[in-house]
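Work through the exercises below with the sequence and the model at hand. Each task is followed by a solution in steps.

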Amino acid sequence: MSEIPDRVPTPCPSCSPDLETVHEVLTEGGGTLTVRCSECSHVHKIQPEREREVTLDVVVSQGGESFTANVTTPEDETVEVGDEFILETEEVLSTVRVTSVELDGQKRREEASVEDIETVWTREVDNVAVNVTVHPQDGSRDDSRSVTVHVPGDYEFEVGEVEQFGDDEFEIDAFVVRNDAAGYDRDRYEMEGDSVPAKDAKRIYAYDQQTSAWSAW
């Protein structure tokens, strides 16, 4: 429910029953407001207008699993891929990002009014798993391996920087951004100094810093 303002425009039954005048809000209770007309000081009660709301089904992808929750939002809102919002349920409190908007008939859109939406698909971005393709130092792509690192969503990866996660140590060579990430002018970045928060990274490419040759055995 919206916060009640200090002043509201409303007709005054004493001096202007057909026109709105500014009224001072005195008290709130029982679903009504007690107000005083700024023109004639007449005190009376009014029924405030309430913003209509819509309940949406939200599917959240979290750590390889998913669950469904519900959120309530004003009916005049729109939802767009890339939007982030805080989801609070009995099971979880986390920030999620919209990855897809589904309308009736399983139609997918980049953006839609909440009145037209059947399901909002999201993923958690507070803590994320990032896939890293690690190449041997000799550049042989045939012996590349894939590792997954778990980091906060705002953790920064930067091309040219060396990262260490447990037994893995690698230098970042490039990264690819997710389709739901906003503010990027291309998919792949590989210039030294290019950086990306983990929640925007689809995949990191790097070179192993431990050995010049290694095997999976």
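Domain bounds here come from an automatic or database domain assignment. The model is a predicted one.

**Exercise 1.** State how the protein is divided and how far apart the centres of domain 2 and domain 3 are.

Solution. Step one: the assignment gives domain 1 (7–46), domain 2 (53–124) and domain 3 (127–208). Step two: taken over C-alpha atoms, the centres of domain 2 and domain 3 are separated by 27 Å. Step three: eight residues from domain 2 and seven residues from domain 3 make up the contact.

**Exercise 2.** Describe the area buried between domain 2 and domain 3, and find which residues of domain 2 lose the most.

Solution. Begin with the total: about 580 Å² is buried between domain 2 and domain 3, and carbon and sulfur atoms give 32% of this area. On the side of domain 2, the greatest losses to domain 3 fall on Arg97, Arg123 and Glu124, which together account for 73% of what that side buries.

**Exercise 3.** Characterise the polar pairing across this interface and the side that domain 2 contributes.

Solution. First, four salt bridges are found across the interface of domain 2 and domain 3. Five residue pairs are in polar contact between these domains. Next, the elements of domain 2 that give two or more residues to this side are β9 (93–103) and β12 (117–124). Strand β9 provides the largest share, three residues. Finally, sort the residues of that side: four are charged, two polar and two nonpolar.

**Exercise 4.** Is Asp180, the partner of Arg123 in a salt bridge, buried or exposed?

Solution. Start from the pair: the side chains of Asp180 and Arg123 meet at 3.2 Å, N to O. Asp180 sits in the loop between β17 (168–177) and β18 (188–189), while Arg123 belongs to strand β12, 57 residues apart. Then apply the cut-off: buried means under 20% relative accessible area. Both Asp180 and Arg123 are buried.

**Exercise 5.** Explain what the salt bridge of Arg145 with Asp208 ties together, and classify both partners by accessibility.

Solution. The closest N and O atoms of Arg145 and Asp208 are 3.7 Å apart. Arg145 lies in strand β14 (residues 145–152) and Asp208 in strand β20 (residues 201–208), so the bridge joins parts 63 residues apart in sequence. With a relative accessible area of 25%, Arg145 is partly exposed, whereas Asp208, at 1%, is buried. A separate network, joined by salt bridges that share partners, holds Glu84, Arg97, Arg123, Asp180, Lys199 and Asp200.

Note on methods
Residues numbered from 1 in each chain as written. Predicted model: local features only at pLDDT ≥ 70, side-chain atom pairs only at ≥ 80, totals over all residues. Heavy atoms only, no water. Contact = heavy atoms within 4.5 Å. Buried area = accessible area lost by both parts, 1.4 Å probe. Polar contact = N/O pair within 3.5 Å; in protein donor to acceptor, adjacent residues only side chain to side chain. Helix = DSSP H or I, 4+ residues; strand = E, 2+ residues; numbered from the N terminus. Nonpolar A, V, L, I, M, F, W, Y, C, P; charged D, E, K, R; others polar. Buried < 20%, exposed > 50% of the residue type's maximum accessible area, 1.4 Å probe, protein only.
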